[in-house]
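Keep the model open while reading.

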Amino acid sequence: MTMKKTINGKTIDVNEEGYLIDFSQWDKDIAIEIAKEEGITLTDKHWEVIKYLQEAHKNEISLTIRKVGKSGIVDIKELYALFPEGPLKKATKIAGIPKPVSCI
Amino acid sequence: MKQLIILGAGSGGTMMANHLVKKLDLSKWQISIVDQEETHYYQPGFLFIPFGIYKEKDVIKPINKYIPKQVQLIRKKIERIDKETDTIYLEEGVLKYDILIIATGSHIAPEEIEGMLGEEWRKSIFDFYSFDGAVSLAKKLENFKSGKLVVHICEMPVKCPVAPLEFAFLADDFFTKKGVRENVEITYVTPMSGAFTKPKATEKLEYLLEQKKVNVIPNFNIEKIEGDVKKMVSYEGKEVEYDLLVTVPTNMGDKCIERSGFGDELNYVPTDKHTLQSKVKENIFVIGDATDVPASKAGAVAHFESELLTKNIVRFVEGKELEPSFDGHSNCFIETGKGKALLIDFNYEVEPVEGTFPIPGLGPMHLLKENRINHVGKKAFKWVYWNMLLKGKKIPFVSAQMNKKGKRI
């Protein structure tokens, strides 16, 4: 189900969990606002992770915690410190890409 | 003679051998398959062994029984593949190939989690993704009458991602029948956002968790196990205590992929998700769990892939362009206990939805709905696997690409 959401005067399409449906609608201001809703203030390290996730998503690489941990940007502990409680779930939402899912 | 070599005689490799003997000109092509194992395991049956529903004999057959006579079976360990020279180094000897199909699967790697392989491995910590694990868990469950049972997934991707959930449902049934259900607490611990992650499946199936009194702890990414005090610890420092831990360890591709130097961090082979040609070299193809494609790791997927990969191998031999035909099609029965099961059918694009299967509008089976006929289907599948799937026979009405008809999309 698609829903509309307005951030800083810009309307974006999101699913029922608040994930962007169309990545072309993503920009940095939107990321900052979604991060705020998750209780996160974005630092340079956050942006590096976000960029890595977007790149991996573009190349159709399935995302796992381990993969990010081996990316050379952060280790798994640091990833948790940046995005507490379900880092991939939150980081993908802020990055404007789908959350990792299982088959059901 | 030109050489086509298949690495691995599990589901994917065996199906490819059976398809290709019918499609390649055997006066020009020698087909060989390499596997050091003696036994072919029916892996979907591992789920039933801990509960005594299947016995060991139900899931094992000699590996050579399903390899066609025209195919040379080489029972040697694979050291590595040298893609530059089209050579496979075996423990003893070398093989040269013109076309290579990698079907080396994925396996549990309990050594990846600190503390898993300690004193308590197969005393209070078990897996059911290996034959030995499933058999030893059956003995443990016989005498388990009370305490905390934790069913757990370490990290994705894993083979058959619904099997741990099926395990929790079957455990509910098992302990109820034994009359000790109220003394056993069942908890499902997952690194994902919930037991169900897709919207329609969540909506239709969430009730099962409540009905079967399965507690769920989501977003739990395990860092280590403290076996002496029976406790799992996550990267955030959260803890889960258990009396009996049934975990799905990290799943990884074969070590020969790592030794060949072209796997990803979990030893899966980079593969085009529609043509199944590897991204390593054009004469290397990949099928089943060995790929890194974002489809489920399951025998049904390997089955659909095998039909389409066979066509692409023939096209490759004829010098034609490959067809990007694989759509990520997967389907499976999900056992929910008490003689019922669910059925799901989906692909890269379409999530599991309600509908009828395999004949649109008629069924006789229903998608995303719990009933008895699906359970009968799940049990009959063992016969289908040994007698049709492995031999490369088509299953009536079930196409390799997903059919959108009869589905509420």
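## Conventions

Buried means under 20% relative accessible area, exposed over 50%, and partly exposed in between (1.4 Å probe, protein chains only). Helices (H or I, at least four residues) and strands (E, at least two) are DSSP runs, numbered from the N terminus.

This is a predicted model, in which local features need pLDDT of at least 70 and side-chain atom pairs count only at pLDDT 80 or more, while totals for chains, interfaces and linings use all residues. Residues are numbered from 1 along each chain as its sequence is written, chains are lettered from A and ligands numbered from 1 in the order in which they are written, and side-chain values use heavy atoms, without hydrogens and water.

## Helix H1 of chain A

Helix H1(A) spans residues 28-37, and its buried residues are Ile30(A), Ala31(A), Ile34(A) and Ala35(A). They cover an arc of only 135 degrees around the axis (taken from the directions from the helix axis to the C-beta atoms), so they lie on the same side of H1(A). They pack against strands E1 (3-7) and E2 (10-14) and helices H2 (44-58) and H5 (87-95) of chain A. Contact here means heavy atoms within 4.5 Å.

At the start of H1(A), a side-chain oxygen of Asp27(A) comes to within 3.1 Å of the backbone nitrogen of Asp29(A). Gly39(A) follows the helix, with a positive phi near 80 degrees.

Chain A puts 20 residues in contact with 29 residues of chain B. The two chains bury about 2300 Å² between them, 57% of it on carbon and sulfur atoms. Buried area is the accessible area (1.4 Å probe) that two parts lose on being put together, summed over both. In chain A, Arg66(A), Cys103(A) and Ile104(A) lose the most area to chain B, together 36% of what that side buries.

Arg66(A) sits in helix H3 (residues 65-69) of chain A. Arg66(A) is buried, at 11% relative accessible area. Its side chain makes a polar contact with the side chain of Glu155(B) at 2.6 Å. A polar contact is a pair of N or O atoms within 3.5 Å; within protein, one must be able to donate a hydrogen and the other to accept it, and residues adjacent in sequence count only if both atoms are side-chain atoms. Beyond four places in sequence, the contacts of Arg66(A) include Ile76(A), Glu112(B) and Leu266(B).

## A sheet in chain B

Three strands form an open antiparallel sheet in the order E6-E7-E8 (chain B). E6 (78-82) and E8 (94-96) stand at the edges with a single partner strand each, so one side of each has no neighbour in the sheet. Two strands pair if DSSP finds at least two bridges between them. Three bridges join E7(B) (residues 87-90) to E8(B). Ile88(B) has Leu95(B) as its bridge partner in E8(B).
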